[in-house]
Amino acid sequence: MEKIKIVIVEDDEVLAKVLYTELFDAGFDALQAFDGESGLEMVKSKHPDLVLLDLVLPKKHGFEVLEELKKFPGTKAIPVIVLTMLGEDDDIKKGLRLGADDYIVKSDHPVGEIIEKVQHFFAKESHPQAK
Amino acid sequence: MAETTKILPQDVITTILSSLTDGVIIFDAKKKVILANPAAMSFTGLPREGYGLSKFYKLFPALDLENKVGEAIKKDKVIRTEEISLANFFFEISITPALHEQRGSIGGIIILHDVTRLKELDRSKTEFVSLASHQLRTPLTGIRWTAELFLEKEKLTESGKKYLRDIIYSASRLNTLIKLMLNISRIESGRIMVAPEDLDLVKFTKELISRLQTLSEKKDLKLIFTNHLKKLAATTDRNALDYILQDIIRNAIEYTPQGGKVEVGIEKKNNAAFFMIRDTGIGIPKQEQVHIFEKFFRASNAAAVKTDGSGLGLYIASQAAGLIGGKIWFKSPNLVKKTTAGGDAESGSTFYIEIPLVAKAQKGEKGFVPVYLQDK
């Protein structure tokens with residue numbers, strides 16, 4: 001069975017590496033982009049099953065990336081989980097309004113919980129009635 | 001010895017007034033401007049003299065200056081307004097009545113104190129704190145996640161595991177502290193947003209208590225919710241209220257010895273919700289009670305029980321209560337019992353929180369950052 005493909009858009013190298021390692025070890029096919037522009041391009045070309053999107057990114061802000069992803073017919077169905085740092089209410093609301101499926105405040109969670117959220121997300125996806 | 005008062009010649013007075021950087025407007029008993037210094041003229045765009053104060057009032061419609069001037073004269077006291085902007089400047093305005101010994105009120109003086117520069121400094125301080133908070137948390141999360149990975153993936157001795165758990169705990173605490181600082185900075189700058197939303201306070205409190213059950217079980221305490229209401233609808237700021245209740249219930253748990261009890265109650269009183277958090281804990285020493293809501297203050301017996309407190313919790317809780325129109329107070333001790341040795345044994349504290357069922361919205365840049373205090 002083909003692995004589930006996840007694009008991680010995260011500019012902090014340490015956080016990106018930890019996320020990559022954990023997702024890889026959990027059996028996902030993880031791909032990395034370190035800025036907004038290349039993240040957008042990568043999603044367009046690789047068609048992943050999920051995008052983990054940081055917000056404060058070089059070259060293109062995460063919100064712009066999200067907006068564009070949701071605008072293009074080829075990418076708008078790809079689910080996006082926003083990874084924020086501060087978890088401000090207005091940022092979260094904006095993320096959800098722009099079409100994000102979920103948001104995670106990075107600094108408030110052990111990395112294990114984030115991986116669990118991703119696994120849970122696909123468990124729900126494969127059993128739509130559980131949604 | 002008789003005191004002599006040297007009266008300064010008028011041209012000297014005019015020169016002094018002209019050189020002041022604060023705006024000065026002098027008005028007579030009929031509230032007509034008899035002299036405005038150049039700073040006042042430049043701030044207001046109004047002439048030097050010969051117009052009614054109503055022209056000046058119109059520049060600051062939000063301040064209700066007419067009433068304030070009336071009050072200053074009537075009560076013979078200085079009245080200061082809140083900060084107000086005009087064009088690109090920020091001012092604090094003070095109104096000082098002039099009372100003549102024989103002739104009574106002869107008018108007064110309005111001073112426009114230019115606080116623009118202070119305001120800019122304050123803004124850059126706030127921006128710095130926000131930026132620092134965001135930037136600090138990225139490497140901090142890196143430390144935490146890497147330590148978690150290390151703990152999970154590597155073969156370690158028991159003491160090695162313990163060290164890593166300490167790193168993770170410290171990183172979590174630092175994360176919480178940064179959020180607390182951010183909230184303080186926002187509250188103190190007066191630019192925090194209050195965004196009331198509809199809540200059922202009974203459900204809200206129940207959920208919060210269930211989040212704190214693990215902590216109370218760890219300490220072998222009973223955490224009880226005494227409630228007779230099915231529902232209590234309110235419109236208030238969720239994050240601010242969550243912080244207040246969480247901080248006070250947590251304190252009750254932290255400072256109550258093993259085997260004790262923490263009781264949380266909620267009632268409706270007129271247009272307010274009334275919370276009560278009663279514990280069987282160590283209490284607050286009488287002589288320290290006045291300081292309990294001060295920033296960085298920690299009661300001596302609390303510091304002895306828990307060495308790593310920040311002294312920020314209750315300060316922020318009381319500020320957050322103020323934001324949503326409420327207040328916090330307490331009674332300690334709850335009980336004074338005679339001991340078998342003949343002395344008094346005091347125990348417990350009860351904290352009370354009262355908040356209006358409908359909080360006023362407040363415009364601002366950002367809201368209260370949600371804080372979930374960490375467990376070790």
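## Basis

The model is predicted: local features need pLDDT of at least 70 and side-chain atom pairs pLDDT 80 or more, while totals for chains, interfaces and linings use all residues. Residues are numbered from 1 along each chain as its sequence is written, with chains lettered from A and ligands numbered from 1 in the order in which they are written.

## The sheet

Chain B has an open sheet of five strands in the order 9-11-12-16-13, with mixed pairing. Strand 9 (222–227) and strand 13 (327–331) of chain B are at the edges, and each has a single partner strand, so one side of each lacks a neighbour in the sheet. On average, neighbouring strands are turned by 15° against each other, direction ignored. Strands (E, at least two residues) and helices (H or I, at least four) are DSSP runs numbered from the N terminus; strands pair if DSSP finds at least two bridges between them.

Seven bridges join strand 12 (272–279) and strand 16 (350–356) of chain B in the antiparallel sense. Phe275(B) has Ile353(B) in strand 16 as its bridge partner.

## Helices on the sheet

Helix 10 (313–323) of chain B touches strand 13 and strand 16, its direction making about 135° with that of strand 13. Helix 7 (201–218) of chain B lies across strands 9, 11 (261–269) and 12, at about 170° to strand 9. Axes are lines fitted to C-alpha atoms, for helices over the stretch in contact, and angles run from 0 to 180 degrees between N-to-C directions. Contact means C-beta atoms, placed from the backbone, within 7 Å.

## Contact with chain A

The contact takes 18 residues from chain B and 17 residues from chain A. Helix 5 of chain B gives the most to the chain B side, with ten residues.

Definitions and conventions:
Two residues are in contact if their C-beta atoms, placed from the backbone, lie within 7 Å.
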